[in-house]
Amino acid sequence: MSVTKTQSKPATGTNCWSCQAPVAGAHFCTSCGKIQPLPPGTDYFGFFGWPQKLTIDPALLEEQFHKLSWKLHPDNFVRASEEERNLSLDRSSQLNDAYRTLRDPIARIEYLLLRLGLRKEGTTKQQAPPELLEEVFELNESLDELREARAEDGDVEALRGRLIEAQNNFKEKLSEVDAELAGVAREWDAALDASASDASRNALLTRMNEILNRRSYIRNLVASVQKEMEL
Amino acid sequence: MGRTVGIDLGTTYSLVAYMDPQTGKPVSIQGPYGSALCPSVVSVDRDGKILVGNPARARLLTNPDRTIYSVKRLMGRGVADIQDELTRFPFRIDETSGNVIRVRLGDKLFTPPEISAYILRELKSWAELHFNEPVDRAVITVPAYFNDAQRQATKDAGRLAGLEVLRLVNEPTAAALAYGLHKQKRGHVGVYDFGGGTFDISILKLISTTEGDIYQVLSTNGDTHLGGDDIDNVMMDLARQAIQSSLGVTLDPHGDQIQNLRKDLIRAKHELSSSEKTSVQFVAIEKTAILEFTRADFDELIDPIVARTMAPVKLALIDAKLGAKEMDEVVLVGGSTRIPLVRKTVGDYFERAPHCELNPDEVVALGAAVQADILQSGVKTMLLLDVTPLSLGIETMGGVVAKIIPRNSTIPASAQEMFTTGVENQTGIDVHVLQGERELAKDCRSLARFQLKVPPGPAGLARIELRFLIDANGILQVAAKDLRSGGEHSIEVQPSYGLSDTEVEHMLEESIEFAEQDFAERQLIEARTEAEAILTATEKAFRDPRSSEISAAERRSIENSVAALRSSMAGTDYKLVRQRIDDLNQATTNLAEILMNSALQTALEGKRLDDV
């Protein structure tokens, strides 16, 4: 590994660092063709030239990813100037990060919430869905019983059966939550199209955030049962 | 600027290849022994002369204390990491080794990158001989599962060998490149690369777009110390036991007898790929033991090793979100894939016959040559999108690792993390960067520790942003920015393994003592030698009585050419010497013909006409 200098980004604004022609946020200067830095504040959606809408056609995303990879990849800049090589490294890593994030529907929503300030980097909250509290309680009981039975060499099979049932139950709940999330995501897109007010948009974001927290919780339950079953 | 080549720096064999501009196909370069395979063995003579390849391998049997094989197993690792290896390989590790290993060969110490550099230099000279031009740039391949330190060590080796390393390419990806070129196929490809010391599995997607072909790696997994060497070692264990019990002989693990045995066992291993049984003879003084192996015995012996390769295969498929049956093609790479049990296991698992039409020993070097050509010529019809094999993380409170770049992220990949002080008047922020999938820092691979120095102040005031970037070689670069001032922030780095830049610089300076002469010097010596030969021939021609048949003007012209050639030999321009050799050849053409004809006449005069 090595330590490098922070990329001294050329003077931002709208002019090409090489030939001074106006660039308006494009990947490459239309005049001299040199690779350009990303304008500050561009998010992953903007990288592909898209609005912050949550419905993305996976085939289109991949197509754009490939097209931009051809242009931005460091392989193209092996014999170019150091400035261009550094920019290519920056840009292609941003492209790859953007593709990785936008490709997964959940990561996409999490990213949007992060950008718009509803989530803080590195904190994932979990929220126990109130209507499931009783089932969660039962599940935790079953898990404890299983652990005990295993430790004392007791009858594990019957307990496993109950756990598998509970796990399937929660997996179903997970699909329901995912469907709910997808619904709100579509509402969000519609709100953008209709230039809805800040208030109604914030309400949608808050709802998505809350659903994500519930989803986290259920996913962890399913995962912990899975872990227990594999022992 | 010299030529560019592709190099497979393997555990057991290394190769160099280039793209033939006429055929548009990659070609491997043969060495002086008529093979493209250079054994990755280095030996040091008593006078410090370095031997590489076949001559070095012969030294394993006569001077094992001055010879080393499988040095790739030591690259980018510290002494603590290789304790297990030491029980199976006769590496002579010096006690001054710490995070950089120092190997003793004879009475000198070498680091693994230095030893690898000798192998690279040997391949470089093969290529230079082939092209009759200098070679100064290369694409070098590494196992996909190599971590940051192992990659950096490989890059250091390239630098020490006088090569600009254009790119490090993952071995399975290189193989896919060579294979794709060969077969023009599209779809999902699994590359199973079982070499001498490392195992890699990569799952790729090959796509045709309007711009050209994309080789996109979806996932990769592997084991950087699992390979044919391990098969050799289990055979050795068995053989040693048998010899001990039947002959009462205990073999010295660092001696030459054991190297002989190893050589024979490897031969037996190769034979078992095509025969159902074979035997090895071990001779001690007055006693002989014959060890017999059947294919069935062998399969049973190596089954656990082959089974170990399947775990990374399963993990790679899970990460790629694909099933074994969804592979359109499976490609076998590496000498160890010649073993029938390996082919059967892989074929059964993927439910299809794996491909091995391309020579499994050469395919990686050929792919490296293809990539070298792409980078150096700028002709873009193929694009390689590779991934980082290991998650990158930072140690947080409680020794837990927070992953910032997940494994199998397409590279280049980046992440930013913000750091601040937790306590008032804290003047240093410590950052520990690691690679690996485990939860706890102690179970992951330490890459480096940083210290960010900050002026004393209230807790939380300092805001330093670290930008982590994994480049196209899979090597980490770090830059720090002070968010409050917007300027660069300095970092003190302590890499956990490997040579620092200053150490490499120092080695480059020192290596001039040991270095083979560089290309130009060698050319000069060869040219001077040829010049001597032609000058001697010319003098001899002048002494021949028949040379009086040439005109005085011609004689003067020859004498001038001779003088010009002699004067060029005193200089250092080899091209000029060659030019003057050509001039002298031309000047003496007539004289040569006269002498030839008369010689012929003399010879003919001694025979009767009807004998001719």
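Trainee: OK, so two strands pair if DSSP finds at least two bridges between them. With that in hand, how many bridges join strand β12 of chain B to β17(B)?

Mentor: There are 5. Keep in mind that we're looking at a predicted model. Strand β12 covers residues 187-194 of chain B, and β12 and β17(B) run parallel.

Trainee: Which residue is the bridge partner of D193(B)?

Mentor: V333(B), over in β17(B).

Trainee: And what's the strand order of the sheet they sit in?

Mentor: In chain B the order reads β17-β12-β13-β14-β18. That makes an open sheet of 5 strands, and the pairing is mixed.

Trainee: Which strands are the edges?

Mentor: β17 (329-333) and β18 (382-385) of chain B, each of which pairs on one side only.

Trainee: Which strands does helix α8 of chain B touch?

Mentor: Helix α8, residues 295-320, packs on the sheet and touches β12, β13 (199-208) and β14 (213-223) of chain B. The direction of α8 makes about 135° with that of β14(B).

Trainee: Switching to the two chains. How many residues are in contact between A and B?

Mentor: On the chain A side 21 residues, and on the chain B side 35.

Trainee: Which elements of chain A give two or more residues to that side?

Mentor: β1 (2-3), α2 (58-72) and α3 (82-103) of chain A. The largest share comes from α3(A), with 6 residues.

Trainee: What's the make-up by class on the chain A side?

Mentor: You get 6 nonpolar, 10 polar and 5 charged residues where chain A touches chain B.

Trainee: Back to β1(A). Which strand of chain B does β1(A) pair with?

Mentor: β25, residues 476-482 of chain B. The two strands pair in the parallel sense, over 2 bridges. In that pairing V3(A) stands opposite V478(B).

Trainee: Last topic: how is chain A divided into domains?

Mentor: Domain 1 is 14-103 and domain 2 is 130-230.

Trainee: How many Å apart are their C-alpha centres?

Mentor: For domain 1 and domain 2 of chain A, the centres lie 37 Å apart.

Trainee: And how many residues of those two domains are in contact?

Mentor: In chain A, 5 residues of domain 1 are in contact with 5 residues of domain 2. The domain 1 side of that contact divides into 2 nonpolar, 2 polar and 1 charged.

Notes
Residues are numbered from 1 along each chain as its sequence is written. Chains are lettered from A and ligands numbered from 1 in the order in which they are written. This is a predicted model: local features need pLDDT of at least 70, side-chain atom pairs count only at pLDDT 80 or more; totals for chains, interfaces and linings use all residues. Helices (H or I, at least four residues) and strands (E, at least two) are DSSP runs, numbered from the N terminus. Two residues are in contact if their C-beta atoms, placed from the backbone, lie within 7 Å. Axes are lines fitted to C-alpha atoms, for helices over the stretch in contact, and angles run from 0 to 180 degrees between N-to-C directions. Ala, Val, Leu, Ile, Met, Phe, Trp, Tyr, Cys and Pro count as nonpolar, Asp, Glu, Lys and Arg as charged, and the others, Gly among them, as polar. Domain bounds come from an automatic or database domain assignment.
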